[in-house]
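Student: I would like a close look at one part of this model. Please take me through its strands.

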Amino acid sequence: MSGQPELRIFATPAHLFRGAAEEFCAQAVAAVAQHGGFTVALSGGSTPKGLYQLLASGAFPNLPWDKTYFFFGDERHVPPDHPDSNYRMAHDAMLSNAPAANVFRIPAEMKDAGAAASVYEQTLRSFFRLGPGELPRFDLILLGLGPDGHCASLFPGTDALTETKKLVVANWVDKFKTHRVTFTYPVLNDAACVMFLSCGADKASILREVLENPQAGLPSQKVRPTNGRLLWMVDRAAAAELSPQTKSRLA
Ligand code: 6PG
């Protein structure tokens, strides 16, 4: 099942985080009922922190922490205790609620980012028991939308955009003069559900580009699950430049 993205617009970031948390929990409960566990790849950056804090707040007692397996869609090339670490952000916001054995961190402290990517790819292959050429089908992958239209660490003009075989790569991002470790499109597009979270007026123009200009050629536009849902969860400020047609087409 793949088709149109679903767009949900929330009045404020707080409403967005609640809606996303309810969706997260519903998917977790359903996944555990269907196949005994819930696999989720977390997004980094700043937006999802509010979601993670809400999930960890105790407001969702039905979240099956012991059967939820946390991965990361990307990571900066820094140690886990670095202020820029996506793992550190998620751990401080939420992951201390999860069994440590259920959290699969990208070993971005490794000096060689390529080696870190290979180690993490092997982690995926082992956890999902993948044979040659098989892909890990995450129940849910969370993504954010960068101001340049990037998602995970798939930035415009970078090599990772054309990777079709590897699951995880080290991607040189020239504008930051650093490597990032990131999932590739094969993994993103094999998910049962990809959920973008985006809020704030500073995302209004890029969100319009992504949803209304198919010729823009932005990295986020290549996220189209082949057999899964694509869910955009945004607040009113981020949706401010969307046309009424887009809002009704994707509602
Ligand atoms: C990262 C994220 C990145 C993020 C976007 C949006 O490592 O920073 O994976 O892709 O989701 O840059 O970030 P904000 O949510 O902070 O705007």
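In which sense do strand S6 and strand S7 pair, and over how many bridges?

Tutor: The model is predicted. Strand S6 covers residues 168-173, and strand S7 covers residues 178-183. The two pair in the antiparallel sense, over six bridges. S6 and S7 form a hairpin, with four residues between them.

Now the open sheet. Six strands build it, in the order S1-S9-S8-S5-S2-S3, and their pairing is parallel. Strand S1 (6-10) and strand S3 (68-72) are the edge strands, so named because each pairs on one side only. On average, neighbouring strands of this sheet are turned by 20 degrees against each other, direction ignored. Within the sheet, look at strand S2 (residues 38-42) and strand S5 (residues 140-144). They pair in the parallel sense over two bridges. Here Ala41 has Ile141 of S5 as its bridge partner.

Helix H1 (residues 13-35) packs on this sheet. H1 touches S1, S2, S3 and S5, along with strand S8 (193-198) and strand S9 (229-235). The direction of H1 makes about 155 degrees with that of S9.

Last, the cavity. The structure holds one cavity of 30 Å³ or more. The volume of the largest cavity is about 30 Å³. Its lining includes Glu75, Pro79, Tyr87, Arg105 and Glu109. By class, the lining residues are six nonpolar, one polar and three charged.

Note on methods. Residues are numbered from 1 along each chain as its sequence is written. This is a predicted model: local features need pLDDT of at least 70, side-chain atom pairs count only at pLDDT 80 or more; totals for chains, interfaces and linings use all residues. Side-chain values use heavy atoms; hydrogens and water are left out. On a 1 Å grid over the protein atoms alone, a cavity is a set of points where a 1.4 Å probe fits but cannot get out, and a pocket is an open set with protein on both sides within 12 Å along at least five of seven lines; lining residues have an atom within 4 Å of a point. Grid points are joined across faces, edges and corners, and a volume is the space filled by probe spheres set on the points. Ala, Val, Leu, Ile, Met, Phe, Trp, Tyr, Cys and Pro count as nonpolar, Asp, Glu, Lys and Arg as charged, and the others, Gly among them, as polar. Axes are lines fitted to C-alpha atoms, for helices over the stretch in contact, and angles run from 0 to 180 degrees between N-to-C directions. Contact means heavy atoms within 4.5 Å.
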